[in-house]
Amino acid sequence: MEQQPERRKRILSAIQPSGIPTLGNYLGALKNWVSMSEEYDCAYAVADLHAITVRQNPADLRHRTLELYALLLAIGLDPEKNLVFIQSQVPTHAQLAWVLNCYTQFGEMSRMTQFKDKSAQHADNVNVGLFAYPVLMAADILLYQADFVPVGADQKQHLEITRDIAGRFNGIYGNVFTIPEPYIGKEGARVMSLQEPEKKMSKSDPNVNGFISMLDTPDVILRKCKRAVTDSEARVAYEEGRGGINNLMGIYSCCTGKPMAQIEAEFEGKGYGDFKIAVAEAVIEELRPVQERFHEYMGNLDYIRSCAAKGAEAAQRISQRTLDKVMKKVGFVL
Ligand code: TYM
């Protein structure tokens, strides 16, 4: 019998345009998006539908969406080789999300920790979209029959619910969806705040010293690293419970590729001052080429808009196949 060629594994991931991405977004997710882009069929989205679960200023949202698209090209994604698109330009996402809402239980969604955190942060706007957010995420992933989803550790619970929803749907209707696996890197999966190392680094942190934005200038990066909270031990060693220093070591390791033992040896007998400067320099070097390309792309927004339009068209075509299958299965007239 003739052997079927094995299909290339598929990847889908997305990022919200809710602020300039941080070093956490970069090391936890975006860097892996690029490294996976050669080997797999990848689809990457700017998740603007997700962003409106929190109130946005329309002009800012539009600008940040284009800016984030430009940043995705600047990190090294090639829009000719990968699907890079803006979620709201591809209607299948909202369409599948509605169907999946009807296959998701209120009880299981109530357990989502991100919903609990965000509804506490935005107590005046606990909207239904915020509650149903992970279902839209499931739709994003399942539409492309993704095998792997590169994310930071904070998205693990949302990946688990995606798998549950897909498994349930397949259990009723047969094999409609590929069951996706999270891809969470070893280092960088959870970059912590520089000011409160028990909290994840977040682009919406009101304390700007807590995060490094991907567009921070070298002097800002240096200042934020120097101010990073550590302990009083003055010893560069990765040990359980040493939040601040472990976090800086994780960042340094991700940017330089050096394992922890090598970092410990390199800074043996040196204080935190030297180490913090070395961390800042490594981050600056890591971000420098990305920032240069970003500013070039932002000088040509027509190009960015046209790449996004092409990406949306291709994403629509691919995702429509899955949506058609789903519509047929649930009994809609096609
Ligand atoms: P978002 O926009 O909050 O973050 C984008 C990616 O960055 C990762 N990340 C981090 N990784 C390590 N350390 C941190 N401090 C850190 N902060 C953020 C996130 O895990 C994520 O991978 N709901 C998603 C966006 C989304 C999505 C999807 C992701 C929408 N649809 C489908 C995957 C698949 C979100 O809000 O990510």
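A polar contact is a pair of N or O atoms within 3.5 Å. Keep that cut-off in mind as we walk through this structure, which is a predicted model.

Let's start at the ligand. At D140, a polar side-chain atom sits 2.6 Å from one of the ligand's nitrogen atoms, and a polar contact needs a pair of N or O atoms within 3.5 Å. How much of the ligand does the protein bury? On its own, the ligand would expose 710 Å², and the protein buries 97% of that.

Now look at the residues that do the surrounding. There are 27 of them, and the closest are Q16, Y133, D140, D154 and V191. Sorted by class, the shell around the ligand holds 13 nonpolar, nine polar and five charged residues. Which elements give two or more residues to that shell? They are strand β1 (10-15) and the helices α1 (23-36) and α7 (128-143).

Finally, turn to a pair of helices. Helix α4 covers residues 92-101 and helix α13 covers residues 301-330; the two pack at an angle of about 25°, with their axes 10 Å apart. Because angles under 35 degrees count as roughly parallel, α4 is roughly parallel to α13. As for handedness, the crossing of α4 and α13 is left-handed.

Notes:
Residues numbered from 1 in each chain as written. Predicted model: local features only at pLDDT ≥ 70, side-chain atom pairs only at ≥ 80, totals over all residues. Heavy atoms only, no water. Near = heavy atom within 4 Å. Polar contact = N/O pair within 3.5 Å; in protein donor to acceptor, adjacent residues only side chain to side chain. Areas by Shrake-Rupley, 256 points an atom, 1.4 Å probe, with all protein chains shown as cover. Helix = DSSP H or I, 4+ residues; strand = E, 2+ residues; numbered from the N terminus. Nonpolar A, V, L, I, M, F, W, Y, C, P; charged D, E, K, R; others polar. Axes fitted to C-alpha atoms, helices over the stretch in contact; angles between N-to-C directions. Parallel < 35°, antiparallel > 145°, perpendicular 65-115°, else oblique. Left-handed = near helix turned anticlockwise from the far one by under 90°.
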